[in-house]
Amino acid sequence: MLDEVGGAIVGERWPAGRVTTIDRLVATTGVSRTIVREVTRELAAAGLLAASPRTGLTVLPRSEWDLLDLRVVQWRLAVGDRLRQLEELRDLRAAIEPEAAALAALRRSEESVVVLSAAAGDLERARGSVAFLEADRRFHHALIEAAGNAMFAALDGLVGVALEDRALVQLAGRAPESVDVRLHVDVADAVRAGDPEVARAAMGSIVRRATPAG
C-alpha cells in the first residue's frame with residue numbers, strides 16, 4: 001500500500017491538493033486501519049501527505065517532498081519524472097563523490113585501502129550486472145566511508161539507488177565496459193598511493209559516464 005499510494009502521489013495520479021481520509025482508504029483498499037495509519041504516517045514523514053483533524057489527508061506539492069528520502073527517489077525513478085531524477089542523482093554524485101575520493105586518498109587507513117582494493121578486484125572479476133552491482137556498491141560505500149565525512153556517509157543510500165538503476169535498468173543486464181572497471185581500479189590505486197588529485201579525476205570520470213537515459 002505504501003508503494004501504491006506513494007507512487008500515485010509522485011506520479012501525479014493523486015495531484016497536489018487532493019483530499020482523502022483514513023476511513024476512505026480503509027474502504028477502498030480493504031487494508032486494516034492500523035496499516036493505513038502506519039502508511040499515512042510514513043507518507044507524511046516523507047512530505048507527501050499532511051494530516052489534519054478537520055480536513056483529513058491532503059496531498060502535498062513536490063516542493064514539500066523530502067527529495068532525499070530513498071522511497072521518494074525510487075518512486076520518482078519508477079513512476080515520476082525519471083529523467084529529471086536521474087539527472088539530479090548524477091549532479092549530486094558529481095558534487096560529492098570526486099571530493100570523497102580525494103578525501104579518501106588524504107585520510108586513507110590500511111583497512112580502507114584493503115577494502116577498497118578488494119572491491120575493485122571484485123569489479124574486475126564480476127560477470128553480469130548483478131555481480132557487478134554488488135561489487136560496485138561495496139566499492140562506493142567503502143570510498144565514502146574512507147572519506148571520513150559523516151554528511152557524505154548520510155547520502156550513501158542515494159548513491160546506491162543510482163548505482164542500482166544504472167546496472168539493472170539503464171544497462172539492462174549488459175556487461176559493463178572495461179573502461180568503467182579500469183576507472184574504479186584507478187581510484188583505488190590513487191587512494192592507496194595517497195594521490196587526491198588522481199583519485200578525484202578518476203571518480204569524476206566515473207560519474208560523468210553515468211549518463212542519464214530516460
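Student: What makes the meeting of the Glu 197 and Arg 200 side chains a salt bridge?

Tutor: A salt bridge is a side-chain nitrogen of Lys or Arg within 4 Å of a carboxyl oxygen of Asp or Glu.

Tutor: The N to O distance between Glu 197 and Arg 200 is 2.7 Å. A salt bridge is a side-chain nitrogen of Lys or Arg within 4 Å of a carboxyl oxygen of Asp or Glu, so the pair qualifies. This is a predicted model, in which local features need pLDDT of at least 70, side-chain atom pairs count only at pLDDT 80 or more, and totals for chains, interfaces and linings use all residues. Residues are numbered from 1 along each chain as its sequence is written, and side-chain values use heavy atoms, leaving out hydrogens and water.

Student: Where do Glu 197 and Arg 200 lie?

Tutor: Both are in helix α11 (residues 196–209), 3 residues apart, about one turn of the helix. Helices (H or I, at least four residues) and strands (E, at least two) are DSSP runs, numbered from the N terminus. An α-helix has 3.6 residues a turn, so residues three or four places apart point the same way.

Student: Why is Arg 200 called partly exposed?

Tutor: Its relative accessible area is 26%. Buried means under 20%, exposed over 50%, and partly exposed in between (1.4 Å probe, protein chains only), so Arg 200 falls in the middle class.

Student: Why are strands β2 and β3 said to pair?

Tutor: Two strands pair if DSSP finds at least two bridges between them. Strand β2 (residues 49–52) and strand β3 (residues 56–59) have 4 bridges, in the antiparallel sense, so they pair. Ala 51 stands opposite Leu 57 in β3, and the two strands form a hairpin with 3 residues between them.

Student: What is the kink in α5, and where does it lie?

Tutor: A kink of about 30° lies at Ala 94, shortly before the proline Pro 98. The bend at a residue is the angle between axes fitted to the seven residues ending there and the seven starting there.
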